[in-house]
Structures are given as structure tokens and as C-alpha cells.
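Student: Could you walk me through this one? I'd like to begin with the helices and then move on to the strands.

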Amino acid sequence: MNNPPPPRHNKPFDIELVNVTKRFGSFVANDKVSLKVPAGTFHALIGENGAGKSTLVKCIMGYHSAEEGDILVENRSVEITSPFHACQFGIGMVYQHFTLVPAMTVAENLLLSRPDMPAVINWKLELDRLRQFMKTAPFQIDLGLCASELAAGQKQKVEILKQLYLDSRFLILDEPTSVLTPVEADEVLGLVKEKVKAGDLSVLLITHKFREVFGFCDDVTVLRRGKMAGGGKVKDLSADALAAMMMGGQREAKVVAKTARQRGPAALELKNLCANKDSGVPAVDGVNLTVHEGEIVGIAGVSGNGQRELVEVIAGQRLATAGEIKVHDQAYGATRREAFEHKVFLLPEEPLRNGCVPQMSVGENIGFRSFDRPPLTRARILVNRSAIRCFARELITRFSVKTRSSETPIGDLSGGNVQRAVLARELGSGTAKVLVTANPCFGLDFAAVESIHSQITEARNRGVAVLLVSEDLDELLALADRLLVISHGQFVHETTPAQADIKAIGHHMAGH
Amino acid sequence: MSNSSIGWWGVVIGVLAGSVRGGTPFLLVSLGECLTEKSGKINLGLEGVLLMGAMSAYAVSYKTGSSLCGVAAAAGVGALLGMIHALMVSRPRVNDIAVGIAMLIFGSGLAFYLGKPYIEPSAPQLPGIPLGAWSSVAQIRAALSISPLFVFGVVVAFLMHWFFRSTRWGMHVRAVGDSPAAARAMGLSVGRTRFLAIVCGSALGGMGGAHLSLFYPGAWTERISSGQGLMAVALVIFARWNPVHCLWASLLFGGAQSIGPALQAVGISTGYYLWNASPYILTLLVMMATCSTKRTLVGAPGALGTSS
């Protein structure tokens, strides 16, 4: 098909998908999906992990080309060949995986995204313009910061800023609020919604949160296993009806209730712990904390306040500049031997980056904790591959990791399934004594969230000491026994979920 | 002794002159490697490119009688070798280090084979820029006769620094080298960007070779490079992928290289070979002093040495 360069739209436009089918080999990711987003509306696309939502929008963005079906822009069939091409139409997307260049500053990343970036950049002029733009922006990020130094939440904000900066008229948001605090999420979506109301923007929002569907969206489309499972006007639908469409009538799992139990002895202690950011600036500033057996201690905070560095120190990914970590009253240096001895397990954020080797198979990744010990070794030095495979298959079934086989590279799995695989590795053996977890439910659908929350609660009921770092306040209030608020690398507030005052927590999170 | 007129100053002048003279090939090759690595690929074959550049510059200069044609030929041959490297590494699952080593051996072997007839004859040399014409002292005049390729390299170093920061293409190269996935999401062609970066980088490496055979030491022999192409690759790490730092590092290495000869010139030949090892010792010391377990290498392109 011959595509003349499309005229850039200054107004939102209708977008329609008609019977779009996308296959990967024999796997049908999207099966005759149709949906329409009229100009100036807020449309939600919901479905479980692996339901084909990301694949569908990637067809719109020109990442994949659909085998069958049409994409209509203003009732005209178009073939979008690349994300760049989509951008020329005024279609922009915020991806689930970040697309910032880590070594570049926020300003450079913003400028780089512009298709009409000048061949020679006048930085003084561009920085002035960017500052001007930031004045109208819903959230503030230091333009001079390197993208690699931003925490997940800040990166997500830059991704959204980027699309606003590009002046996109049709915006696809792939779970944009999964790393934002509820207040931040409302603020971001509220601002986007205002732009939609003003007739400046159409939005297709991929989400798992019903709250967002009911709070902000006009229409909704539900996908299940690649097929249309329903949809319609949001105001005509109930949450139960949506859940039924998503799950296909299955009963939803229940989160395991917390059993009342006596607080055990101290398991994990942090004493005056300090750590720096990559740039050498202090990130964790003298933190004291004790986690007892059988309790979940939650750490709340706006991303970028030292949570990431704190978890990295406990995980052994970063050296502490001062202070010490003790586990079961012994100094703990996060070596493999110590982690095994004290049964310290980790569920890190961005598990593909922090807890997996993407090119290695799901089975091998699941075997990382135990591949060098009997029964997975032969004669103590040789790895028994078939034993690892059996071991992994059992865990894959038990934790319902959706993968083609145990030999598939883990990098090919969807986000929720990577998280499940890591969870299987860390909690599958049932021997954990200390569990440190950071944003364990980043970008997962609610069935997966419930299953992970259940696993964490069950571990606590078994007497595991759990440190839960999260940017999702709802999650913390549901799971934690004690709640600490971190701001600028220090704990500034302590409460329990029963006595929690959301306003006070928000106040402390904001650093006042 | 004619040296007596300036005495120990001779050593200082010798080292300074050596840092410019001997640093030029380091400079051009490291700038070429810097550009290549910024795009996320490593080209270890630049040692081969350096030798091919030296040989072809000398041969063409001899045949045409124009040293400028020689430099152009060196750049062209460098670009051609770069093209082979770029085409090979653009294939999936091809390791750039392995290809680089193959190209290193291929380039040097080809240079020795084709260069045999040019070991004897003498070719027109590049004229020096006589910055020392004001002086009556021979050493100063000799020391301040600067290679035009050094001037070119200095200009390229600052230009490249500006290129990476303030031009669209430069930002594209950095994006491709740091996060190919993000670059693809922006609709950039990772393959084409890398191809061009490798070819241009390789052309710079070839010009480094032209300096060797047409200025200093100014003749074509098989031992002309003695691993300078490989050291220049290490130098890029030392310079933290910053073109301007490449300039200072090259001067430092060139200077270190000329301590031995400069001392010998004033009659001190004790430890001549030890002094000649000083660039290597220097590399080790600097690496030890600047490395840190707490920080990752600032400036290292994220995708460097990965198969993405």
C-alpha cells in the first residue's frame, strides 16, 4: 500500500480497529478484535496478563503488522509501518517497558523523542523551551537528571511528559499508573482527562484498575485470551460485570487472611544504614529498622526517595557507605553463602533487570537459587540439567507461570509471568526466613496481584519476616503490619494500617 | 655536543614534542573507536586498519607523489575495512569482538603482503606546520613542527564532543549505543546508525595510519604500529568515552612513549627499555586509580558488547 506522509492532526481523530488478527507462529495473540475510539474520548482496554492488549496496541503503533483486519484513521484505512510513522499521524504511546535512554538526561530524552528534532541543537534555546513546557506540565522532574538515576515512578512520569511534549493527539497509555501513588495516579489521569474533555486528546488506556476505568473512562473494551470478551459504555456497566467478562465467569481468588500472631524475634535489622546513588549523592541517610519474624513491614514513599538504593543494599547490588545489616543477630553481607544460610529471599522491582538473566531459559532462571546444591547437582560440581528441568516444571505448574515451555528465554515472557517465575524461585521452596520485596505487583492484573499478595501473606503467616517496599499505598495498607514512610532517604513517619491517617501519610511522603 | 645549549630542557621538549608526534595516531584511532563504541559496537580491528592505512598512505603517496592523496587513500581504505566489519557485526548472533580480532589479523596480514614492495622506496612526506620558525634552536624547531593530522585530530575531538551533545545524528548514535530498544521505539534504524558510525570511525583509524608512515616515524615498515591500535581501544575506556578526554589521554600516552628516546638523546640510556614500557605502566596505574567498585563506569554505552 502506498502511504503518502500523513497530515499531522491538530485535533483528535477517530481511530477504529476492524477485525484485527495477529499471530505469532501458531499462537493467535489477537483474534478478530474490533474497537472504536471516537475523537475526544477516553477508552479503557482491560484484560488479564497475556490477553493480547499490548500486542493489539503495538499493531496500532506499527510495531507489528496485523495479518488480517484494518486500522482506520478518520475512516480511512491506513497501514502504519513504524512507531515513527505512528508519531507522524499524531499517535503516541507510553510503553509498559521504559523507552528512555538511560545515559541521557531528561532534557535530552525529551528532545530526542521529537521527530522534527533540529539537526543542530541550540541547547540554550531548547532548554528555555523545555522549561517553558515544564511550567504547563502536571509534574516536575529535574531536566538535568540522568534517566538512569530515576526511579520507576519518575521514569513513568517522563514517559508521559514525553507524549505531552510531542503534542500527540491519540495517546495510548500502557498501565501508566502502576508505579504511581494513588494520589499521583489520580493527578496524572485527572490532567489527561481534562485534556480529553477540552477536546485536545483521545486516550486508549490499558489498565487493570477498575477504579481508573470507572473514574476516568467513557468506554471500555475487554479482551480475554486474544478475543473480544465484551465492552460498552462505562456508565452502563458494573464492576461485577467487567470482572465476569475479564475472568470468563471464573470465581476470583481470595487473598489469604492474615492470622493473628505474636511478633517473633528480630530477623532483619538495619542499623544506621547509608548508601549513595550512582552519582555519589547520598540516597539512604542513616536508616534504622527492625523486621520481626511473622510481620510485614511496609515502606511507603514517592519513588526516588532512596527505596531503590535501600533494597539494592540489602540485595547486595550496592555497597553501603555506612552502617550495617544484621540477620538473626549476625552481620549480613548479602553474599550467596549468607543469603542461603539465613534464607534471605528477594522479590525485586523490575524483576527482569534485577532478578533474571533475560536470555536464559525460564527453567534456568528458576533454578538460580538451588542449581549449585544437591539434588540439582551431580557429584557436587556438575549441574544436573534434567533435575533442574523437573524442578522448574513443578514450580511453573504450581505458580501457574504461563510459558510455552521451561526452555523459553525468560525475556520473552510477559511482565506478570516473569514476576511469577521469580516468585516461584524465591518462595517455592518454602524455606524463606526473610523476604525483601519491592513493588512486587508493578504492572500486574488483579488476579496476579491477588495471588502474589496471598503468597506474601502466607509467608508472613508461616513466620517469615517480610520487608515490603511499595509505591502503592493501597497494597501497603492491605498487607503491612507496620508502615514506615521514607522521604529523602530517612524514615519520617511510622504507623499501623489500623491507625493510618491517609492525609498524614501523604503529607510525610511529600516531604513536609 | 649540540644538546648542551639547552641541556635538560631537551628532555622536556623531547617529551612534549613526542606527546604531540607520537600521540597523533592514538588520538585518531581512539576518536574512531570512541565513535564506534558510542554506537554500541566494539571494533578491535582498528589495529589492522591502522596498518592498512599506513601502508596504503605510503604506497599512494609514493605512486602519485602527493602525500595528501596518501591520506585520502588511508581514510578510504579504513572506511572499506570498516564496512566489512560493520556488515559482519550487523548479522544476528555475530560477536563483534571475534570479528574484530579476525579483522585485526586480516588487516595486518594484508598490509604486510601488499606493503612488501614499499619498504625500500621513499615517498613524499606530509609537510609539518612550522610553529617553531621563530626559534634558532634546532630542537625547538623540530619539536614544534606539528603534523597537520594532529591539528585535524584536535579539531575532530572537539567537533565530536559537540556532535554527541548538540546534533541530531550525535544523539541518535548515543541512543542506539545506550539502549537499542529505546532507539527502535523512537523509530531509529539501529543497523544503519551503527554501520555509519563504524565506517566513519574506521576511516579515522586509517588516517592515524597515514600519520605513522607519512609523518612520524615517516616510513613504511612492518613494525610501524607496535600495537598502538589496540592501546587506543583501551584508551577510550580510560577517556570514559569522551572525545576531548581522548585528546588528553592520547597526549599523555604519546608523551610517555617518548620519555625513553628523549632521555637517550641527552645521553642517558640507562633503563631505556623500562622507559619504553611507561605507557603500559601508566595505563595500569591510571586504571587502578580511577576504577571503583561502587560506581559503574560513567559514560559507558549501555549496549556495548551485548548482542542486542
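Tutor: In chain B, the axes of helix α2 (residues 46-64) and helix α3 (residues 67-89) come within 7 Å and cross at roughly 145°, where axes are lines fitted to C-alpha atoms, for helices over the stretch in contact, and angles run from 0 to 180 degrees between N-to-C directions. This is a predicted model, in which local features need pLDDT of at least 70 and side-chain atom pairs count only at pLDDT 80 or more, while totals for chains, interfaces and linings use all residues. Residues are numbered from 1 along each chain as its sequence is written, and chains are lettered from A and ligands numbered from 1 in the order in which they are written.

Student: OK, and over in chain A, how many residues of strand β8 are buried?

Tutor: Strand β8 (residues 202-207) of chain A is mostly covered, with 6 of its 6 residues buried, buried meaning that 20 or more other C-beta atoms, placed from the backbone, lie within 10 Å of the residue's own. A:Ser202, A:Leu204 and A:Ile206 point one way from β8(A), and A:Val203, A:Leu205 and A:Thr207 the other way.

Student: Does β3(A) run parallel or antiparallel to β8(A)?

Tutor: Strand β3 (residues 42-46) of chain A runs parallel to β8(A), joined by 5 bridges, and A:Ala44 has A:Leu205 as its bridge partner.

Student: And what about β7(A)?

Tutor: Strand β7 (residues 170-174) of chain A is also joined to β8(A) by 5 bridges, running parallel, with A:Ile172 opposite A:Leu204.

Note on methods:
Helices (H or I, at least four residues) and strands (E, at least two) are DSSP runs, numbered from the N terminus. A residue is buried if 20 or more other C-beta atoms lie within 10 Å of its own, exposed if 12 or fewer, and partly exposed in between; C-beta atoms are placed from the backbone. Two strands pair if DSSP finds at least two bridges between them.
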